[in-house]
Amino acid sequence: MKNYIKAHEWNIIEEGFDPHLNKISESIFSLGNGRMGQRANFEETYSGETLLGNYVAGVYYPDKTRVGWWKNGYPEYFAKVLNAANWIGIEVKLGDEVLDLATAEVSDFKRVLNMHAGVLERSFTAKLKSGKTVKVKATRFCSIADDEVGAIRYSITSVDFDGKLTLMPFIDGDVKNQDSNYDEKFWELVADEITGTEAYIKLKTKKTAFEVCTGSNIQLYKNGEQITINPEAVRKEKFVGQTLLVDIKANEEITLIKIAANLSSENYAKESLLKEAKAVIAKATSKGFDTLLKEQTEAWATKWEESDIIIEGDVSAQQAIRFNIFQLFQTYTGKDDRLNIGPKGFTGEKYGGSTYWDTEAYCVPFYLATAPQEVSKNLLVYRHKQLGKAIENAAKLGFKDGAALYPMVTMNGEECHNEWEITFEEIHRNGAIAFAIYNYIRYTGDESYLADFGLEVLIGIARFWKQRVNWSGDKQQYVMLGVTGPNEYENNVNNNWYTNLLATWCMKYATEAAELVKTQQPEKYKSLLETLNFNDQEFTDWADIIEKMYYPEDQEKGIFLQQDGYLDKEQILVKDLPASERPINQKWSWDRILRSPFIKQADVLQGLYFFEENYDLETIRRNFDFYEPRTVHESSLSPCVHSILAAKLNDEARAYEFYLRTARLDLDDYNNDTEDGLHITSMAGTWMSVVEGFAGMRVREGKLHFSPFLPTQWKAFSFTIGFRGATLKINITENGINIKNNNAVDLEIGIKSQYHKLAGNTEIVVNNTELV
C-alpha cells in the first residue's frame with residue numbers, strides 16, 4: 001500500500017517527484033469529460049517510465065486475439081479503446097537542451113488535482129545538466145461544458161539565464177496501445193494541416209475505419225502580454241507541430257496557451273470532420289482560456305450540487321469519496337446512449353476499455369441517485385440496442401429461438417473476451433443486465449420502460465436461461481452445469497448458487513414484466529409477442545424451472561454453498577495465509593488457486609445483496625460470517641458488497657473496514673495495480689457503501705427507506721440524491737437523521753420501521769431516541 005497522496009477535502013496532492021511512482025500518479029491525476037480523457041502525462045518531454053494515454057470515447061480497434069488454440073464460439077478479436085493522438089505535447093528547449101524531468105534535477109514538484117473545478121495543476125523547478133534553471137507551472141483540463149475541448153496553460157519562468165527558449169507544441173498521432181497483442185499500431189493518416197497558429201491531424205483506425213480529427217490553436221504571452229508569433233511548421237509521420245523561438249531573460253515568464261479539440265466520425269460525417277474541428281477550435285479560441293476555465297468550474301459546481309457526499313471529521317475519507325465520485329463523472333456523463341463505462345475509464349488500457357457487467361451491478365445505482373433519470377436510462381438503452389448481437393452471441397454457442405446471451409466484454413454488442421472460462425461460463429452477466437432493468441424501474445417508477453425497451457430484453461434473457469439449465473434425473477430438479485460465478489477463482493463448476501438464483505429470478509421477473517405490459521398496453525404487448533414469436537407455453541416452461549431449480553446448501557451450517565462440492569475443499573481461512581503469499585493471483589499457480597477455498601469476490605453474498613428482502617437477518621449473517629473469512633478481496637468489486645451487508649447486520653467495524661478498502665483502493669494503491677489505470681466501476685461501489693451501507697438507503701414499494709448509522713470515526717455525513725422528481729439532502733449525525741426536500745414533490749419516507757410524511761420544500765428530523 002502506498003501512502004504519498006496528501007490528505008485534503010477537495011484536492012488530490014502529490015509533493016515531490018518520485019519516478020517510481022510516476023505511472024501510479026499518471027492514473028490518479030487523470031482527466032476526462034465523458035467524451036475524451038487522458039492520463040496525467042507531462043506536457044514536456046519525459047524519457048522515464050510512463051504510460052502515454054489519450055482516449056476518445058466510442059473509438060476502438062478489434063485487436064486479433066492471442067489464444068493457445070481455437071475453440072468453437074471464440075470471439076475473433078479483443079476490442080480495445082485506442083490510445084489516440086497525444087494533443088498535450090509541448091517540447092521545451094533551453095538553448096539546445098531539452099527539458100526532461102527524467103534527466104533534470106527536480107525540486108519543488110507539486111501536482112494538484114482540483115476536483116471541485118476539474119482542473120489539474122503541476123509546478124516544479126528543474127535544473128538542467130548545464131545548470132540552467134527554470135520554474136514551470138502547467139494547468140490543464142478536459143471541459144465538461146464543451147466535451148470536445150481541452151485546454152492547457154503552460155508557463156515557464158527563467159531563474160538564472162538569458163538566452164533562447166524553443167517551444168514546440170505538437171499533436172502526435174504516431175502512438176500505439178501498450179496492450180496491443182502484436183505490437184501493431186492502429187492508426188493511419190488521412191490528412192494533416194498546419195496554418196499559422198493552428199494545426200490539425202486526421203487519423204483513421206484500421207479495420208473499423210473510425211476517423212478522429214485532433215486540432216489545436218496556440219497563443220504566446222511574455223510576462224502576461226500576448227505577443228505576435230509566426231511559428232514554423234513541423235511535420236513527421238502522423239505528427240504535426242509548430243516551433244516557436246523566444247528570447248528570454250532571468251525572471252521573465254513565457255506562457256503558452258494551447259486549446260485543442262477531438263472530434264470523432266461517431267458524431268460528424270467523415271468528409272466534414274476537419275471543417276467541424278476548425279469551427280470548434282475557432283469558437284473555443286474566441287472564448288479564451290480563462291472563459292473556458294470559468295465554464296468548466298461552473299459546470300463542475302453543478303455536478304457537485306447533485307452528487308456530493310460530505311464527511312465531517314475524517315479528511316482522508318472525505319478526499320476518497322470525492323475522488324471516486326469525480327472519476328465516475330469524468331468517465332460517463334450519460335449524454336450518449338452509444339457509450340458505456342469501461343472498468344478503467346480514460347485512465348488506462350487494461351480490460352480494453354470495454355463494457356462489463358460492472359456497469360449494471362455497480363454503476364447504475366450511482367447514476368440513478370446522482371444524475372438526471374435519462375443518464376441511467378441511457379445505460380439500459382445501450383444494452384437494448386445490442387439485443388440483436390446478444391441473440392447472435394447465444395446462437396454461436398448453440399442457443400436458438402431468440403435466446404440472448406449478453407457478452408462478458410463488448411464494444412458493439414459482440415463478445416470479444418477470449419478466455420473460455422469467462423466467455424462461455426461467466427453467464428451471470430445476463431442476470432445483472434436484467435436486474436438493472438428491475439433496479440431502474442424500482443427507483444424511478446418508470447414502468448413505461450418495459451413496453452418501450454425492457455420486456456424484449458427480459459424475454460431474450462429468460463429464453464437463454466431456459467435453454468441453459470437441464471433436468472437432473474438423479475436430483476429430480478433442474479441444474480446448471482459448467483459455469484463460473486463472479487468468483488473467478490473457481491471455474492467450470494456445477495450449480496453455482498448465485499447463477500442458479502439469478503436464472504430463476506430472471507424468468508420470474510420476465511413473467512411479471514410481461515403481465516404488467518399486457519395490462520397497461522395490451523396492443524403493444526400483442527405486437528411485441530408477435531414480433532418475438534412468443535407463446536404462453538414459454539411462461540409455463542419458466543414456471544416449471546422456477547419451481548424445481550436446485551440450489552446447493554448445507555443445512556447443518558445453515559449456508560448456501562458457492563457450488564456443488566465447495567465444502568470438499570480444504571477449509572483454510574484468509575487469516576491463516578502468510579502475508580508473503582498474497583495476493584494469491586500474483587504468488588500462486590492457477591491450479592493451486594482453483595483447488596483452494598479462497599474467494600476472489602462474493603458469489604453467495606452478491607446474491608444476498610441483490611435479493612436481501614427475501615432472506616432474514618440470521619440467514620444473511622450466517623452466510624456472511626462463513627464466506628467473509630474465506631474472501632481475499634482480490635477483485636476491486638468485492639469490498640463494497642461486504643461493507644453494505646456488514647452495515648445491514650449492524651457490524652459497524654467491518655462495514656467501515658471494507659469501506660476504507662474500497663474508498664482508497666487507488667489513492668493508496670492497495671492492490672499494486674493503480675499504474676494500469678483506476679478501478680472506475682468499483683468506485684461506484686464506494687458510493688454504495690456510504691449511501692446503501694452507512695445510510696441504509698433502499699427503495700421498497702416505491703418509497704425510500706433509510707436505516708442509518710454513523711461510523712465512530714466521523715462526526716457526521718450528508719449526501720444529496722434525486723428521487724422521482726425530488727432532490728433530497730440527507731444529513732446523518734450522532735443525534736439522528738435530517739432529510740430536507742428541495743422540491744415541491746410530496747414523499748413518504750421510511751426510517752427504520754416508521755414512515756414519515758415529507759411534504760415538498762420541507763424537512764423532517766428524526767432523533768435516535770425515536771428510531772426503532
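Gly750 has Tyr755 in β31 as its bridge partner. The model described here is predicted. Strand β30 covers residues 747-751 and strand β31 covers residues 754-758. The two strands pair in the antiparallel sense, over five bridges. Two residues lie between the strands of this hairpin. Lys752 takes a positive phi there, near 55 degrees.

Tyr755 also has a charge over its ring. The charged end of Lys703 sits there, 5.0 Å from the ring centre.

## A four-stranded sheet

Four strands form an open sheet in the order β2-β3-β4-β5. Their pairing is antiparallel. The edges are β2 (31-32) and β5 (77-83), each of which pairs on one side only.

Strand β4 spans residues 54-64. Six bridges join β4 to β5, in the antiparallel sense. Asp63 stands opposite Phe78 in β5. In a regular strand, side chains alternate between the two faces of the sheet.

## Aromatic pairs

The whole structure holds 57 aromatic pairs. One of them joins Tyr489 and Trp590: the ring centres are 5.8 Å apart and the planes stand at 85 degrees, so the pair is edge-to-face. Is Tyr489 buried or exposed? Tyr489 is buried, because its relative accessible area is 2%, under the 20% limit. Trp590 has a relative accessible area of 38% and is partly exposed.

Phe694 and Phe709 make another pair. Their ring centres are 5.3 Å apart and their planes are at 70 degrees, so this pair is edge-to-face. Phe694 lies in helix α20 (residues 680-694), and Phe709 in the loop between β26 (703-706) and β27 (716-723). The pair therefore ties together parts that are 15 residues apart in sequence. Phe694 is buried at 0% relative accessibility. Phe709 is buried too, at 9%.

## An aromatic cluster

Which residues form one aromatic cluster? The members are Phe435, Tyr438, Tyr498, Trp505, Tyr509, Tyr609, Phe610 and Phe611.

## Nonpolar cores

The largest nonpolar core has 230 residues. Tyr367, Phe706 and Ile721 touch the most other members. The element that gives the most to this core is α11, with 13 residues. In soluble globular proteins, nonpolar side chains tend to be buried together.

What does Tyr367 touch, leaving aside residues up to four places away in sequence? Its contacts are Leu328, Phe329, Tyr332, Ile341, Val375, Ser376 and Leu379. A second core is separate and has 19 residues. Among them are Phe141, Ala261, Leu273 and Leu293.

## A buried aspartate

Asp147 is placed in the loop between β10 (133-142) and β11 (149-158). Asp147 counts as buried because its relative accessibility is 11%, under the 20% limit. Not counting residues up to four places away in sequence, Asp147 touches Asn33, Arg35, Met36 and Lys335.

Notes: Residues numbered from 1 in each chain as written. Predicted model: local features only at pLDDT ≥ 70, side-chain atom pairs only at ≥ 80, totals over all residues. Heavy atoms only, no water. Pairing = 2+ DSSP bridges. Phe/Tyr/Trp six-rings, centres within 6.5 Å; stacked < 30°, edge-to-face > 60°. Buried < 20%, exposed > 50% of the residue type's maximum accessible area, 1.4 Å probe, protein only. Lys NZ or Arg CZ within 6 Å of the ring centre and 35° of its normal. Core = buried A, V, L, I, M, F, W, Y, C linked by side-chain atoms within 4.5 Å. Contact = heavy atoms within 4.5 Å.
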